Amino acid sequence: MTALDLSRQDRRRLQTGTARRRIVAVRTVALLASLAGLNYVVWRWAASVNWHSWWIAVPLILAETYSVIDSLLFAFGAWRLRERGEPPTTPTTDVTVDVFITTYNEPVELVVRTARAAKVIRYPHRTWILDDGNRPEMRAAAEELGLGVITRGQDWVDRPRHAKAGNLNNALMATQGEFLLILDADQVPDPAILDRTLGYFKDPRMALVQTPQWFENVPDADLLGSQAPLFYGPIQQSKDGWNAAFFCGSNAILRREALMQLGISRYVHEVEASVERTLKTSRKLLARARATETDPRVLEALDDAQGVVDRARDQMSRDEPLGDVTYEFQRGIDAIAFRFAAADLESVRSDLQELAAMSTDADTFAGLDDAALDVLGQRNASPVAAIEAIAVLARAVDVNRGDEAQAVMPLATISVTEDMATAMRLHGLGWKSAYHDEILARGLAPEDLPTMLVQRLRWAQGTMQVFFRENPLVQNGLSFGQRLMYFSTMWSYLSGFAAVVYIAAPVLCLSFGVVPVQAYSVDFFARLIPFLVLNQLLFWVVAAGRPTWRGQQYSLALFPVWIESVTSAFANVFRGRPLGFRVTPKVRDEAEAKPRWDLVRPQLWAMGALVGALVLIGIRYLTGQASGIAPLVNTAWVVFDLFIFSIVIRAVLYRGPGSVQSEHESTTTGGPL
């Protein structure tokens, strides 16, 4: 055994010991915080709601219940927080790797910077630039570097493009590497990124290894909350403990086999669901038609159509090949529709012939020869509305998915962000994931408030689209822990609604004397204070020295963004309203020289209401209209809210890394929870 081996062994032993002590501390505080939270919220519901002011008391207790559940989910995840330490060694047998650099409209020089770094990654690989903008200058730059370029073909014209997910799915069909390293255009990889991650794939069920996203253009103050030391650390480590560390869109290595299995399984699932919906709708149409029809000839056609539908349902129940089921279904319905239409056309033919015989101008009907009638007979129509509708449905059932550029879409296309849904589906198929907590790529964060808001809104919208379409709590294949880990991320974006209540409650108390609790008694504080203290202690223990304050600020300060993400995603999923997709700009727009106060108008109104409440409580004290502890508690609450919202003012005035000289300032950020 060499000295190097001994050193590595000692290092692992030290890491293991530290990890064990840390997990003991985390579990102890998590248990205490959970008990304190449950004790507080149960008592609040049972004994302290002021029902005389129910219109604010009930929203407040609901908001507090939301926060306690959020805390419980955080503690549940932290219970299995996983410190992986040194990664497994790189496979001794060569595996093939494709490095994908995704780009749409980013500056060519920025993409080239990433591409140069990708080219010199030490482990053997092939680098591809996936240029969704199909720019000649990008292709020329790639060819100069000796790199491959992949763009969309004609198959994608006039079909859904699915943004970044579509770009990656297109590239998957054009390459063959066993593993894929996915990088955003600005994420410059470390030469050792594959050496440090491929070892995890010795486990044949490992589908994904995610590494942190870290941004080199963020000053220590991090006024836009771009770094995410809490998320890319304890939160992902917590999810990793439950085998739920998920894909974050970049700086991740994925197994092609897992993605292709996912793509094929989703294809089969979606086609089966489409056929089942068609058959179910067909039965309803036929039943409705039979209820009002009296013509024996029409009833006979409806019976024949019912037989075709029942036969297809029977074939589905026997798991016969979908292609055969849909083909016979389409042929059967079309045969009925055409037969019915042919009978009507024969009647028309006879009438036309009688009219022609009586006409003195034989040329009048010269165009209505047998060929013309044959063409007319091929029209996809039927006098029976139900059969005609079913014929349309039958033609819509296409196992080749002609409405899509590709029948198989491995990366999920159900939201504006492809990452979370893809990982959740992989976990549902029994694949594993790992979070490797080592910075192996350095990117560029938004450098102004407008860009940051675009990014945060897209993240939140994508998460909520997944929630509304594939709620993890009811997805097959996921373990109990995995369900809660995915749900906790989605649950966190509902915080915008709770924030409105947390702003309104103290304002109403100070301004009008409305108290949402029965009394600010000893019982109240004996339950509230331990919960608040233990909850913050849990953040501190879990973070293990990583700064979390900035993330906590933005979880409240961006409440309009979180609300918009939920409402817009809901409208998109359930009402079909377009959501759109905007690529996060990687460079600051120098034309935006003026502070964009309009982007934080709701926060400014909230701050104005909080300041106004302080003024009013001062007046009420001077006039003898206020007394007791309630105004003091709510004054402290308002001051705390204003302190939280102060980050918004600083963010509006922020002008990029050069505008903040705070190298020794230690308040950075948390991240998306």
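**Overall architecture and a helix pair in the predicted model**

The accessible surface of the chain amounts to about 31,000 Å², and carbon and sulfur atoms account for 58% of this area. The structure is a predicted model. Of the 673 residues in the chain, 51% are buried. The secondary structure consists of 20 helices and 10 strands. When contacts between residues at least 6 apart in sequence are considered, 84% of them link residues at least 24 apart.

Confidence was examined along the chain. The mean pLDDT is 86, and a value of 70 or more is reached by 84% of the residues. Residues 364–368 have pLDDT under 50, and the model gives this stretch seven contacts beyond four places in sequence. The pLDDT is also below 50 over residues 660–673, a stretch with 55 contacts in the model beyond near neighbours in sequence.

Helix H12 spans residues 419–428 and helix H14 spans residues 480–492; their axes lie 11 Å apart and form an angle of about 170°. Because angles over 145 degrees count as roughly antiparallel, H12 is roughly antiparallel to H14. On the H12 side, the contact involves Met420, Ala423, Met424 and His427. These residues meet Gln482, Tyr486, Thr489 and Met490 of H14. By residue class, the contact of H12 with H14 comprises five nonpolar and three polar residues, with no charged residues.

Terms used
Residues are numbered from 1 along each chain as its sequence is written. This is a predicted model: local features need pLDDT of at least 70, side-chain atom pairs count only at pLDDT 80 or more; totals for chains, interfaces and linings use all residues. Side-chain values use heavy atoms; hydrogens and water are left out. pLDDT is the predictor's confidence in each residue, from 0 to 100. Contact means heavy atoms within 4.5 Å. Helices (H or I, at least four residues) and strands (E, at least two) are DSSP runs, numbered from the N terminus. Buried means under 20% relative accessible area, exposed over 50%, partly exposed in between (1.4 Å probe, protein chains only). Accessible areas come from the Shrake-Rupley method with a 1.4 Å probe; for residues, only the protein chains shown count as cover. Axes are lines fitted to C-alpha atoms, for helices over the stretch in contact, and angles run from 0 to 180 degrees between N-to-C directions. Angles under 35 degrees count as roughly parallel, over 145 as roughly antiparallel, 65 to 115 as roughly perpendicular and the rest as oblique. Ala, Val, Leu, Ile, Met, Phe, Trp, Tyr, Cys and Pro count as nonpolar, Asp, Glu, Lys and Arg as charged, and the others, Gly among them, as polar.
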